[in-house]
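These notebook entries record what I looked up in a predicted model. I began with the aromatic rings and then turned to the strands.

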Amino acid sequence: MTDLLADGMQRMADLRDTFAATSVVYRRGSSSVAVRATVGKTDFRVVDVDGNYVRTTQRDYLITAAALVLDGSPIVPQRGDLIDQPIGETTFRYEVNALPGEQVYRPSDPAGVTLRVHVTLKGPL
């Protein structure tokens, strides 16, 4: 029997990749793969040293889970992986990094078709 929710999530991911994504390079060590990714953001609150709540935003990328294949093996994001994104004439490097108290990625839909990968800017290449 067909899983309509998973099928719908895959169709949405395909449309997002076609119309609302950019090409990036996902890197782990000496391995890399070109993938389509949509730039996103996650808003969250952290407690500063004085005990005050501070609202902040972290950049993230929406990436189809099935696209993350390095050296022939599917992977999930890990802390320290890198994402290189060309913006204009410059390529910027982002490091996969966790939100406070969170993992470095989370499923972005109930079927796990798309992953929301949290990153921090390392700088231009």
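Entry 1, aromatic rings. I looked for aromatic pairs and found that the structure holds one. I noted that the ring centres of Tyr61 and Tyr94 are 5.8 Å apart and that their planes stand at 75°, so the pair is edge-to-face; the cut-off for that class is over 60 degrees. The pair links distant parts of the chain, with Tyr61 in strand E3 (residues 53-64) and Tyr94 in strand E7, 33 residues apart. I checked accessibility as well: both Tyr61 and Tyr94 are buried.

Entry 2, a charge over a ring. I recorded that Arg45 lies over the face of Tyr53, at 4.2 Å from the ring centre.

I followed strand E7 (residues 90-96) to its partner E6; six bridges join the two, and they run antiparallel. In this pairing I found Leu82 opposite Glu95 of E7. E6 and E7 form a hairpin with two residues between them, and Gly88 in the turn has a positive phi of about 65°. I then noted that E6 (residues 82-87) also pairs with strand E1 (residues 22-28), in the antiparallel sense, over three bridges. There, Val25 stands opposite Asp84 in E6.

I located His118 in strand E9 (residues 114-124). Is His118 buried or exposed? His118 counts as buried because its relative accessibility is 1%, and the cut-off is under 20%. Leaving aside residues up to four places away in sequence, I listed the contacts of His118, among them Thr42, Gln58, Asp60, Glu95, Asn97 and Tyr105.

Definitions and conventions. Residues are numbered from 1 along each chain as its sequence is written. This is a predicted model: local features need pLDDT of at least 70, side-chain atom pairs count only at pLDDT 80 or more; totals for chains, interfaces and linings use all residues. Side-chain values use heavy atoms; hydrogens and water are left out. Two strands pair if DSSP finds at least two bridges between them. Helices (H or I, at least four residues) and strands (E, at least two) are DSSP runs, numbered from the N terminus. Buried means under 20% relative accessible area, exposed over 50%, partly exposed in between (1.4 Å probe, protein chains only). Contact means heavy atoms within 4.5 Å. Rings of Phe, Tyr and Trp (its six-membered ring) pair if their centres lie within 6.5 Å; planes under 30 degrees apart count as stacked, over 60 as edge-to-face and the rest as tilted. A charge sits over a ring if NZ of Lys or CZ of Arg is within 6 Å of the ring centre and within 35 degrees of the ring normal.
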